[in-house]
Structure formats: C-alpha cells, structure tokens
Amino acid sequence: MSQSPASPTLSVGSVAAKPYVALTAMSRDIYALRSAVGLLSWDQETMMPPAGGEGRARSMAALSRVIHQRYCDARLRDLLDACDAEPELSAEQKSVARELRRDRDKAVKIPESLAAEIAETTSLSQRVWAEARPKNDTKAFNPWLAKVISLRRQEAECLGYAETPYDALLDNYEPGARTGSMRKLLRDLKAELVPMLGRILEAQGKSGASLDGKAFLVPAQKAFNARILVEMGFNMAAGRLDESAHPFTEGLYAGDVRLTTRYSETDLMSALFSTLHEGGHGIYEQGFLPEFAGTPMAEAVSLGIHESQSRLWENQVGRSKDFWSFYYPDLQRTFPSSLAAVNLDAFLKSVNRVRPSLIRVEADEVTYNLHIVLRFELETALFAGELEAAGLESAWNDGMRSNLGVTPDAPARGYMQDVHWSCGLLGYFPTYTLGNLRAAQLFDAAHRDMPGLSADIRAGKFASLKDWLGRKVHRQGRCLDGDALMLAATGSKTSAGPFLAYLKGKYAQLYG
Ligand code: ZN
C-alpha cells in the first residue's frame with residue numbers, strides 16, 4: 001500500500017475537500033470492507049455449504065489484512081491530525097475523528113505478525129474445540145487454550161493498559177472498563193443474587209413448567225415471530241430474519257441488518273425469545289443516523305450497550321405481564337391444543353421459571369449472571385497465570401457447585417460449553433452482565449420519562465419505547481462511552497440497583 005506524505009487537504013473525486021470530508025471518505029472505505037467481512041461471516045453461519053470453510057477463511061483473512069492496512073495507512077493518521085486542528089467540527093464530527101483515532105491506535109500497536117498468528121491460532125483452536133467438545137477431549141483442547149491465552153497476553157502488552165493486562169482485553173469490547181471495578185460490580189451482584197435465588201426457588205416450589213412436553217408447529221412459530229418482530233419496530237425492508245445454529249445479529253449497514261433465530265417443535269420459547277433478543281440488537285443497528293453511515297457514529301458504543309438493547313426487549317418487555325396481556329390470547333389461538341388449558345398466569349410463571357442449570361445460554365434471568373461471575377473469575381485467573389488450562393475443569397466444577405449448586409456431568413456441559421475461549425474472546429463475558437444491568441436501568445428511566453409506557457405495551461404499541469431508545473442510545477453512535485451514555489440517558493452510571501429491584505418486583509408479583 002502506497003503511503004503519501006502529509007496532506008491536510010485531499011482531493012476526493014474532483015472536489016478539493018476539507019480534511020473531515022477526506023477522513024470520512026477513508027472511513028466509509030474501511031467500513032465498506034468490514035461490511036463485506038460481515039456478509040461473508042453471516043453467509044458462513046446461514047448458507048455456506050459445509051466444505052466451504054477453508055476457502056471462506058482465506059477470503060476473510062485476505063480482507064482483514066486489507067482493513068488492517070487501511071487503518072495503518074499514514075494518510076489516515078495525517079487526516080486525523082488535520083481534523084484535530086479544525087476549529088469548526090461539530091460534536092458528532094469530533095466523535096468520528098476521536099473514535100477513528102482510537103481504532104487506528106489499536107490497529108497500529110499490534111504487529112502484523114502477531115495479528116496473523118492470533119487469527120490463525122484462534123481459527124485452528126476453534127476447530128479443535130468443535131471436535132473435542134462432543135468427545136470431552138480435554139487433552140486435545142487444553143494446550144490450544146493455553147496458547148490462545150499466551151497470545152492474548154502478548155496482545156495486551158502491545159495495546160497497553162491502565163492497571164492490569166486484563167484491562168486491555170476488556171477495553172476491546174467495553175471501552176473504558178476496568179478489571180477492578182468490574183470485579184467489584186460482579187462480586188456485589190453475586191452477594192445479592194445467591195440469597196435471592198434461594199428465596200425464589202423456595203417460593204417456586206417443585207411445580208413443573210406448564211409448557212413442558214407440549215408441541216408447537218414450526219411454520220406457526222415463524223409467522224408469530226415475524227409479526228412480533230415487525231410490531232416491535234424492526235424494519236423488514238432494511239433487514240432479514242433467517243435461521244442458524246446459534247442466533248446472532250449481523251449489521252452490515254443500517255439498511256441491511258441480518259438476524260437469525262432457531263426453531264424447535266418442542267420449545268416455543270427458544271425461537272420466540274431469541275427473536276426478541278436479536279430484534280433488540282437489530283433495532284439498534286437500524287437506528288444509527290444515516291448521515292454518519294460508514295463512520296464510528298453509525299456503530300454501537302460497546303458490547304455491553306448492545307446487549308442492553310437485546311436484553312431489554314427480550315426480558316423487560318418480552319417476559320412481562322404487560323407484553324403478554326396483549327399477545328397471549330393470540331398465542332393461545334395460534335397453538336390451541338398446547339395452550340388452551342394454560343392461563344396467562346401459568347404461562348408467565350413458565351417463561352420466568354428459575355432453574356439453576358449447567359448451560360449459560362439456557363439460563364434464566366436470576367442465575368444467568370452467576371454463570372458470568374464464574375467465567376470472569378476463571379478467565380482473570382487464567383490470564384494472570386494464577387490458574388493453568390489443565391486446572392480449569394476442576395476450578396470450573398467447584399465454582400458451579402458454589403455459585404449455582406449444580407455440578408457438570410462432563411466438560412462439554414462444563415468449561416468447554418462456550419465457543420468464546422477457543423476463539424480468543426477473553427474479556428467478552430462481563431459485557432453480558434453489563435447488558436443485563438443496563439437493560440433494567442434504561443427501562444426504569446424510560447418509565448420515569450414516559451408514565452404511559454406500561455399502558456402502551458399492554459396495547460401492543462412500542463413506538464414510544466423505540467423512539468426513546470433511539471434518542472438516548474441508537475442515534476448517539478459512539479459519541480460517549482458506555483458509562484457516560486448511561487449517565488446521560490438515566491442520570492446514573494451503570495449500577496446493579498435497578499436490575500435487582502426489577503427481579504425483586506417481578507418475583508414478588510409472580511409468587512406473592
Ligand atoms: Zn445478544
């Protein structure tokens with residue numbers, strides 16, 4: 001790639017443009033390439049034939065190298081310097097320049113050889129994990145895990161950190177987050193959740209879930225989910241809903257947001273709640289300001305804010321009495337033989353049932369964060385060298401017993417259950433809990449700002465909520481970091497208080 005000397009005014013097309021215009025042209029180019037990687041990755045999960053993996057990995061690696069080169073291009077640095085000297089940029093334009101600089105700084109700090117080694121090793125390690133997991137082959141997986149952790153340590157040293165190397169990993173997913181404050185937040189949360197879990201389990205008794213053993217035809221599920229997705233405000237002219245083994249959202253542009261879900265005839269809730277969840281992610285991705293397309297202002301603040309949007313729709317809205325007061329009669333009409341004898345209260349108890357379990361992605365709202373607490377404790381210990389990969393299985397099983405009172409019967413349902421560690425996503429798990437806490441906090445603030453919100457939801461009207469989230473979160477792009485955004489939107493930084501109050505209120509209502 002050619003590197004031109006400093007040039008504060010570049011020519012874009014035939015027009016001599018000011019540095020900001022040239023900067024956004026470079027940015028749009030980078031985001032267009034990233035969007036192409038996103039489409040390849042979406043296709044890999046939804047459409048690609050099984051034998052396509054090797055060719056796809058090559059295409060994605062080649063594009064990733066080009067993107068890295070664009071970030072490292074000296075012209076980008078020069079334009080960023082020139083924009084810093086521009087007095088007339090708006091607050092949003094300054095955010096574009098600041099966040100592009102942040103992304104560039106991270107890219108140039110990682111030597112290309114290390115970036116390539118990380119990409120190759122994590123890709124191979126993920127394949128090893130996928131083969132080893134069903135066989136519970138810990139001997140095959142552990143050496144790869146150790147290698148991935150060692151590479152991430154090298155990466156943290158290149159990136160630099162505020163207090164401890166793990167900060168560098170956290171900062172990749174939640175800019176500005178620190179290990180120390182995350183540890184305190186999670187420990188305080190655990191101290192509240194463990195006794196609350198005991199009280200709820202006692203109140204819930206031994207009654208089984210009222211949906212167990214019932215059947216729900218998939219075509220009818222698909223029609224019902226598509227309807228809810230549109231009514232919550234997802235624009236189907238600017239998005240799609242497909243199927244994949246693990247539901248996810250891929251935002252290529254605000255005008256092209258891909259969601260997936262998965263269907264099971266014996267589990268109505270799996271597709272329904274994953275559609276609401278991914279719909280929340282998707283509405284965020286569709287809600288960026290169009291004039292900033294192809295810049296960091298048309299991008300999520302962090303994973304913890306992204307997850308707050310999905311969890312808010314899935315849980316605060318989707319598991320509420322208000323929501324089902326409107327939709328349950330239609331759901332009963334859609335599945336008369338399975339639901340006619342299940343009244344609304346029994347249905348609500350079923351979708352909010354608390355059941356300590358081995359698998360994080362199947363966890364209820366109360367136990368979910370206890371899974372995250374364990375992963376955080378273990379991965380910080382692994383990263384600090386206080387725990388070896390070979391000792392992880394027993395440390396995991398001890399943690400599950402003390403946090404949740406359950407013991408994995410096999411590593412596949414224990415420390416090998418999630419893909420994250422195999423592909424090097426260390427520092428990622430805490431953002432799930434941040435999302436849960438922020439969802440409750442934002443929903444609380446929305447209710448304060450809009451006293452009629454419950455009545456709207458009971459009437460199947462979601463425009464006021466979507467508009468509020470649009471103003472407070474979506475259209476903000478990356479103007480603020482996660483905590484600053486929470487402060488601006490709700491009046492306080494991220495806190496566990498509203499989430500705990502929400503759980504107490506919900507379970508008091510369900511069980512008296
Ligand atoms: Zn999510």
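A residue counts as buried under 20% relative accessible area, exposed over 50%, and partly exposed in between, using a 1.4 Å probe and protein chains only. The views below come from a predicted model, in which local features need pLDDT of at least 70, side-chain atom pairs count only at pLDDT 80 or more, and totals for chains, interfaces and linings use all residues. Residues are numbered from 1 along each chain as its sequence is written, and side-chain values use heavy atoms, with hydrogens and water left out.

**View 1. Lys506 and Glu365 form a salt bridge.** Here a salt bridge is a side-chain nitrogen of Lys or Arg within 4 Å of a carboxyl oxygen of Asp or Glu. The N to O distance for Lys506 and Glu365 is 2.7 Å. Lys506 sits in helix 21 (residues 497-511) and Glu365 in the loop between helix 14 (344-351) and helix 15 (368-383), so this pair ties together parts 141 residues apart in sequence. Helices are DSSP runs of H or I with at least four residues, numbered from the N terminus. Are these two partners buried or exposed? Lys506 is buried at 10% relative accessibility, and Glu365 is buried at 8%.

**View 2. Domain 1 meets domain 2.** The chain splits into domain 1 (19-160) and domain 2 (179-511), with bounds that come from an automatic or database domain assignment. The contact draws 41 residues from domain 1 and 40 residues from domain 2, where contact means heavy atoms within 4.5 Å. Between the C-alpha centres of the two domains the distance is 26 Å. Domain 1 and domain 2 bury about 3,400 Å² between them, with 63% of it on carbon and sulfur atoms; buried area is the accessible area (1.4 Å probe) that two parts lose on being put together, summed over both.

**View 3. Arg34 and Glu299 pair through their side chains.** Their salt bridge has an N to O distance of 2.5 Å. How many salt bridges cross the interface of domain 1 and domain 2? The rule finds three. On the side of domain 1 that touches domain 2, helix 1 (19-46), helix 4 (91-109), helix 5 (112-135) and helix 6 (138-159) each supply at least two residues. Helix 1 gives the most to that side, with 14 residues.

**View 4. Arg333 and Asp330 share helix 12.** Their side chains meet in a salt bridge at 2.4 Å, N to O. The two residues are three apart in helix 12 (residues 321-334), so about one helical turn separates them. Arg333 is exposed, at 59% relative accessibility.

**View 5. Arg77 and Asp78 make a salt bridge.** Here the N to O distance is 3.2 Å. Arg77 is partly exposed at 37% relative accessibility, while Asp78 is buried with a relative accessible area of 10%. A search of the whole structure finds 36 salt bridges.

**View 6. Cys479 lies in a loop.** Look for Cys479 between helix 19 (463-472) and helix 20 (482-490). Cys479 is buried, with a relative accessible area of 19%. Which residues does Cys479 touch, not counting those up to four places away in sequence? They are Ser95, Arg98 and Met297. Cys479 and Thr295 are 184 residues apart in sequence and 11 Å apart in space, C-alpha to C-alpha.
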